[in-house]
Amino acid sequence: MRTITSRPTALLMTAALLLLALTQVAGAAAQTERVDKGGGRRLPLIIGHRGASGYRPEHTLASYRLAIAMGADYIEPDLVSTKDHVLVARHEPEISTTTDVADHPEFADRRATKTLDGVELTGWWTEDFTLAELRTLRAKERIPDLRLDNTAFDGLYQVPTFQEVIDLAKRARVGIYPETKHPTYFDSIGLSLEEPLLAILRANGYSGPGDKVFVQSFETGNLKELHRRTRLPLVQLLSDVGAPYDLVAAGDPRTYADLSTPEGLAEIATYADGIGPSKNQIVPRDASGSLLDPTTLVDDAHKAGLLVHPYTFRNENSFLPADFRLGNPASPVYLRATGDAPAEYRLFFRLGVDGLFSDNSDMAVASRHQFFTNR
């Protein structure tokens, strides 16, 4: 087990870093790339995970705008399809936890039970709504028990289209990092995601490896298809549990663990430019949530020529390893209280990641500035 010394000034550091984020990165979103002034080294990218979802309901234009204002280099929309085949930003096609659809009696008869990636779910589904119908709904906080403050914004924002997210990113001159959600499922209902994705990207001038776009997926087959059809950078998402659903559906026994071996990474490198692993694949945790020794995944991926963009970095104790949690565990608000998130960023920066997904772009950008300025 790794021994990590707790810093008594962690709370003061957190407050200072929040202030630093507002002062040091003003105007940073307009930069074409981030460079360490000390040695010309490219700094790790900060990817606004579903926007600034630590502060606003995820996948809303308000969330994306805030991530940009906080200095994120890229913003990340998860993409699903409407009935009329328009790509919109939602965490899942089932939208009862992220919108007020249950409060709309006119859509009561749309509630349906479906099987998504082998799991039976009941709710309301984007593919059963036209875009016009979906726009009558309003977004809400997905995890209100942990992010109570975000519920103050429930009911204010519409579900954005992918085009609206692109328009926002282009105005701010930041990158976009779309994820195709459940491509096997959408293929099965005749609403393939890849064709409209590529059409929108081409229409907006995104076509080559130099453009500020990464396309990501937890499945493998759609990334291989995209590799044949575009020169845009692709990222294979990984997990510390389970397997890509397209492999499961095809009877292929390989898991994410298999894809994360040197042999698996070598295969990924034939169709993708990077991996997006779970943090736990890089620094595992024991049963108590304490950090163990880092794995060789970052080095193995770099040897295969792959970028490494782990997910997801969040401020709350609930998501942090036990080593970085702060406060009294007996407190009723302990799990949603802010921990020593800067310590986690420093750990992963030391391990050489090329970017990371964060719900709290201000903390991520400030921690990056502090870490690389002081080296």
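**View 1. A hairpin joins strands S3 and S4 in this predicted model.** Five residues lie between the two strands of the hairpin. His85, in this hairpin, takes a positive phi near 65°. S3 covers residues 78-81, and S4 covers residues 87-89. The two strands pair in the antiparallel sense, over three bridges.

View 2. Leu79 stands opposite Thr180 of S8.

**View 3. The residues of S3 point two ways.** Asp78 and Val80 point one way from the strand. Leu79 and Ser81 point the other way. All four of these residues are buried.

**View 4. Helix H13 is largely enclosed by the rest of the structure.** The helix runs over residues 341-350. Nine of its ten residues are buried, so the helix is largely enclosed. Among the buried residues are Tyr345, Leu347, Phe348 and Phe349. Glu344 and Arg346 are buried too. Just after the helix comes Gly352, with a positive phi of about 90°.

**View 5. Phe324 sits in the loop between strand S12 and helix H13.** S12 is made of residues 307-308. Phe324 has a relative accessible area of 6%. Buried means under 20%, so Phe324 counts as buried. In sequence, Phe324 and Ser290 are 34 residues apart. In space, they are 8.9 Å apart, C-alpha to C-alpha.

Definitions and conventions:
Residues are numbered from 1 along each chain as its sequence is written. This is a predicted model: local features need pLDDT of at least 70, side-chain atom pairs count only at pLDDT 80 or more; totals for chains, interfaces and linings use all residues. Side-chain values use heavy atoms; hydrogens and water are left out. Buried means under 20% relative accessible area, exposed over 50%, partly exposed in between (1.4 Å probe, protein chains only). Helices (H or I, at least four residues) and strands (E, at least two) are DSSP runs, numbered from the N terminus. Two strands pair if DSSP finds at least two bridges between them.
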